[in-house]
Amino acid sequence: MTDAAKAGPALKLGTRRSKLAMAQSGHVAEAVRQLTGRDVELVEITTYGDVSKEQLAQIGGTGVFVTALRDALLRGEVDFAVHSLKDLPTTQPDDLTLAAVPVREDSRDVLVARDGLTFAELPEGARVGTGSPRRMAQLNAYARSHGMRIETVPIRGNIDTRVGYVRSGELDAVVLAAAGLRRIGRVDEVTEFLATDLMLPAPGQGALAIECAAVNVDLAAVLAELDDPHTRFAVTAERALLAALEAGCSAPVGALADLLVDGQIVNEMRLRGVVGSTDGAELVQLSTTGPVPTSHHAAEALGRELASEMLAKGAAGLMGERAL
C-alpha cells in the first residue's frame, strides 16, 4: 500500500478549467499533498463567467467565477476549492470557510505591447485592450495627465486570446495581471511592469483563496497551514475598502496594502485606494498608513477608514455598478 493510500482517500480540489486556474490549483494541490500525504485530484468545474461572452461589468462581475465552485463544495462534490481572491465577493458565506490565503504572487498589472513598447512609448491613438473598468480608468487618467491619446478597447478571454490581439495587430497592447503570466511561465512576454503609482491593482490581485465547507473543520485546520498572515491582512484591508465603497469586483476600484519596511523592521502597513470614471476624467486616489494589523478586525478597520475618506471626496459618484 502506498503512503498516500494509507493517509486516506484522494482529496478533491475544485478548480475552474482555464489554463491559469489549472496552474494555480496545481500548485496548491502539490502543497496539500506535501502537508497531508494524500493524493489530490483536480475536479474541473465550468463557471458562468467562463461561458458568458458578455463583459464582466454587464454580467455583474461579483461571483460569476466562484458560484459554481461554491455550489460544488456545499454539495460535497469537492473537498476544497481554489479561487483567484480578487474574484470572491466581499461577503463570506457562513457555510464556507476561507481556510487559507497563501503567500501572494506579484500584485502588479503588466503591459504586453507590440514591438516591445512600454506604455509611455505607445503611438498616438494606440488601442489598448482590457476588460477591466479599473484599468481603463487609470490608463486613461495617466494618458490625460501626460498628454497622450489612447483608446481603451473592452476585451474578454483567456491570456492566449488577449495576447493574440496584440500578436495579430488588432491591438497595440493589452493589460494583464503579472501573477497570471508568472504562474503559467509566460512572464517573458511582458513589455512593462506597470508601477503601482500608475496602476493600482484590483483588491486581492495576485492572491489565491483556498475555501472549504465550514463543517469540514479538520480539513480547514490542515489547509490553514498554507495561510500567510501578512498576505491575509493585506487583502482583508483591500477587500474591506471595496466592501465599504459598496462596489462589486467589476467596479473601477483599485487597492493595494503593502508593508512599509525600514531596514529590517516592518513598521507600518500602507493602504492605497483609487476610484475613477472609465474615461479617466475623474479620479479619487488616497492612501492611509497604520500599524501592521494583527487581527482581521484591525485590517478591516484600515480599509473602512480609507473608504470613508474616499467617499467624502466623491468616490460614490464614480462607481458605476454598485453591489446590491
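At 23% relative accessibility, tyrosine 142 counts as partly exposed, in a model that is predicted. A search of the whole structure finds 1 aromatic pair. Its members are phenylalanine 119 and tyrosine 142; the ring centres are 5.6 Å apart and the planes meet at 55°, so the pair is tilted. Phenylalanine 119 sits in the loop between strand S5 (109–113) and strand S6 (126–129), while tyrosine 142 belongs to helix H6, so placed that the pair links parts of the chain 23 residues apart.

Helix H6 runs over residues 133–145; its 13 residues should span 18 Å at 1.5 Å a residue, and the end C-alpha atoms are 18 Å apart, which agrees. Of these 13 residues, 10 are buried, among them Arg134, Arg135, Gln138 and Asn140. Glycine 147 follows H6 and has a positive phi, near 65°.

Arginine 108 lies in the loop between strand S4 (96–100) and S5. The side chain of arginine 108 makes a polar contact of 2.8 Å with the side chain of aspartate 106. Beyond the neighbours within four places in sequence, arginine 108 is in contact with Leu176, Ala177, Ala178, Arg182, Phe193, Leu194, Thr196 and Gln205.

| Residue | Relative accessibility | Class |
|---|---|---|
| Phenylalanine 119 | 1% | buried |
| Tyrosine 142 | 23% | partly exposed |
| Arginine 108 | 28% | partly exposed |

Key: Residues numbered from 1 in each chain as written. Predicted model: local features only at pLDDT ≥ 70, side-chain atom pairs only at ≥ 80, totals over all residues. Heavy atoms only, no water. Helix = DSSP H or I, 4+ residues; strand = E, 2+ residues; numbered from the N terminus. Expected span 1.5 Å × (residues − 1). Buried < 20%, exposed > 50% of the residue type's maximum accessible area, 1.4 Å probe, protein only. Phe/Tyr/Trp six-rings, centres within 6.5 Å; stacked < 30°, edge-to-face > 60°. Contact = heavy atoms within 4.5 Å. Polar contact = N/O pair within 3.5 Å; in protein donor to acceptor, adjacent residues only side chain to side chain.
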